[in-house]
Amino acid sequence: MKTRWEYVLLPSFLIVGLLIVASQYVFLKGSFFKDLGLGRISDTASMVNYLRFFTDSFYLHTLWVTVKTSGLAALFTLTLGFPVAYLIARMQSKWSMILLAGIVVATFVTIVIKVFGLIIIFSADGLVNQALMGLGIVDTPYTIIGNQTGVVVGLMHFTLGFGVLLLYSVIQTIPRSLEDAAQIHGASRWRMHLRVLFPLSLPGVTVGVLMIFNMCMGAFTSAALLGGGRVFTLPVLIQRTVMMEIKYSMAGTLAAVLLVTVLLINLLSIYLIRRLRSARLVIA
Amino acid sequence: MKLKRTGLILKSAALSVGILTASSGVAGQFDGVTLRVATWGGSWKENMVQAIVPKFEALGGKIEFVTGSPQANLAKLIAARGKAPFDVMETLDAQEKEFFGTNELIQKIDLSQLTNKEYLDDWQYNDWRVASWSTQEVICYNREKFAELGLPAPTTYKDLANEKLAGRVVIPDITSGGGFANFGAIAYAAGGNEQNVGPGLEVIKNLNSLKFWSRGGEVVTQFESGDVYAAVVHAGWCLRARKAGSPVDTVQPVITGTSHVGVGKYGWLVIPKHSKVPEAASWFINEYQEPEFQMLYAVKSGVVPTNRKSISQLASDPIFAEMLELDPAKIGNQLKIDYQKADTSDWIDQWNRSVSQ
């Protein structure tokens, strides 16, 4: 008798369906009704919340800030994380496991503690500002609280360890012998990276960057603590709309826009990467 | 001047003993009754656990706590639709419209059980609500840093806009506990009012503040770390910063263009409409007004008692007398925002648009 292994998927499918799809459905449905105050919503469906979102510069600006800070954080995480992941993946000593374990442990630290660590380091009398002022680079303390730079730094701090682990697993799948072969045939190290490592790692790196980007788009703590009440990303605005204004429908609309934006950016990125790869194959 | 912590601890312990020995009610009065109380966490809840819970248990009942901000608890109450998720709730004056405009969400309190009303002023209680405490929203500043910068003690919000203080001032986010009271006061001091908060937003833009705080504890930490030289915050947090070792003083802000000096924010106790144990809830509200409990609250949380007897007791403590306004006449002259005139939803909207980067 043939074993139906696909049934193993059923429990996970049901749990995901219940926890994610059902909760999203409640929010999505609610987003099509008008808020009447005190958490009550109208009985008649309408597009009033969506109309407000897409015609109000404040909401559009918030969406832009969310995408911008998440995109920058994902790019900087890739830039910083890739060399680290590459070195660890290619390291042949016991240090590779020690470093990897260190990164894994670092990802266990809760984001609240990580962010407070940043706040202490960047405080007026903190390590960074003392060094910057001691070297004469700045006259007055530099702060990362209450500005978008701080939020990007916080998001990177949130995702960097995770990013290195993702990129490490991607690089591990590329045989080292290919790099050696390219260099034996005269390719410089830089050219080998550009023509061998980059194309081969591109699908994995794309997925990794998208995962980091998605995490940033939904991140609340870094944006709330480092934004200092000035940087409104969509998750921050959703929290304020639910908890302070008690406008569940508008919050549902913001959540729906966030969800759809993330989905669209992911699909578009995958489409573009596929186009890029097929174009490269044709050229080759 | 450093706070004498040992003295305060002894005072708290003595108060607790006094509270536990002064119980009202008859043994078995609340047999099998579970009273659910919606309040903040931290010291707020701990005070009740220490002082009220044992007395209620002695009468046969049990108290459970639902912790969260009044906004979060209001959301729970509304979401419960026809049920009461708790039996007594701490609310803020900023929620006046939601609770007291139509009284849709609450039921009447049995005032015959409110024997402690003798310590309250008439405006502090009616059929629907009883005042629980007040906070004094002040300017808390580091006197040593101000002296270093050659600045006199601030008296108005505009004094915080001095360029020497750029990036060294924090004010509450509108979503924080004191957000509405302070935003309203800043608007008043700038020539605005409940219906016109625009002038206040201009002042806030010019303050060049480091951030907008959402938890009072952040302010204490930032005074300690040296990041902040001045904060708009309730006096209780300034008191805690002093306890933590920061050289801070309080100033009751002059509300320019009015006769008010200082800003008061009030807490209220209400009974949700569908509570099935209103008698126990009324008992709880009365216990809250006990002078000893009010004093405990003041000592531990830095709030001002509503109870006249406790206020005069608190005035005998030099630190409290220095950092809080305890003269009843002057308390009466503090600015109280009229939330019936305010559209707080619009305030939030205007605030978000103004401060967003």
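This is a predicted model: local features need pLDDT of at least 70, side-chain atom pairs count only at pLDDT 80 or more; totals for chains, interfaces and linings use all residues.
Biologist: Where in chain A is A:Ile246 found?
Modeller: Residues are numbered from 1 along each chain as its sequence is written, and chains are lettered from A and ligands numbered from 1 in the order in which they are written. Helices (H or I, at least four residues) and strands (E, at least two) are DSSP runs, numbered from the N terminus. On that basis, A:Ile246 is found in the loop between helix H11 (234-243) and helix H12 (248-283) of chain A.

Biologist: Why does A:Ile246 count as buried?
Modeller: Buried means under 20% relative accessible area, exposed means over 50%, and partly exposed lies in between (1.4 Å probe, protein chains only). A:Ile246 counts as buried because its relative accessibility is 4%.

Biologist: What phi does B:Asn208 have, although it is not a glycine?
Modeller: B:Asn208 is found in the loop between H8 and E7 of chain B, and it is partly exposed, with a relative accessible area of 43%. Although B:Asn208 is not a glycine, it has a positive phi of about 50°.

Biologist: Is B:Asn206 buried or exposed?
Modeller: B:Asn206 has its place in helix H8 (residues 198-207) of chain B, and it is 44 residues from B:Asn162 in sequence but 9.1 Å away in space, C-alpha to C-alpha. Because its relative accessible area is 52%, B:Asn206 is exposed.

Biologist: How many residues apart are B:Arg129 and B:Glu96?
Modeller: These two residues form a salt bridge, the closest N and O atoms being 4.0 Å apart. B:Arg129 counts as buried at 15% relative accessibility, and B:Glu96 is also buried, with a relative accessible area of 13%. The pair links distant parts of the chain, with B:Arg129 in the loop between strand E4 (106-107) and strand E5 (130-142) and B:Glu96 in helix H5 (residues 96-100) of chain B, and they are apart by 33 residues.

Biologist: How far apart are the closest N and O atoms in the salt bridge of A:Glu6 with A:Arg4?
Modeller: A:Glu6 is partly exposed, with a relative accessible area of 39%, and A:Arg4 also counts as partly exposed, at 45% relative accessibility. In the salt bridge between them, the distance between the closest N and O atoms is 2.6 Å.

Biologist: How many salt bridges count between chain B and chain A?
Modeller: One salt bridge joins B:Asp349 and A:Arg52, the closest N and O atoms being 3.5 Å apart. The structure holds 19 salt bridges over all chains, and the count between chain B and chain A is three.

Biologist: Which element gives the most to the side of chain B that touches chain A?
Modeller: The contact takes 30 residues from chain B and 32 residues from chain A. The elements that give two or more residues to the side of chain B that touches chain A are helix H4 (70-79), strand E7 (211-213), helix H9 (216-225) and helix H16 (344-355) of chain B. With seven residues, the element that gives the most to this side is H16(B).

Biologist: How much area do chain B and chain A bury between them?
Modeller: Buried area is the accessible area (1.4 Å probe) that two parts lose on being put together, summed over both. Of the area that chain B and chain A bury between them, 52% is on carbon and sulfur atoms, and the total is about 2,700 Å².

Technical notes. Side-chain values use heavy atoms; hydrogens and water are left out. Contact means heavy atoms within 4.5 Å. A salt bridge is a side-chain nitrogen of Lys or Arg within 4 Å of a carboxyl oxygen of Asp or Glu.
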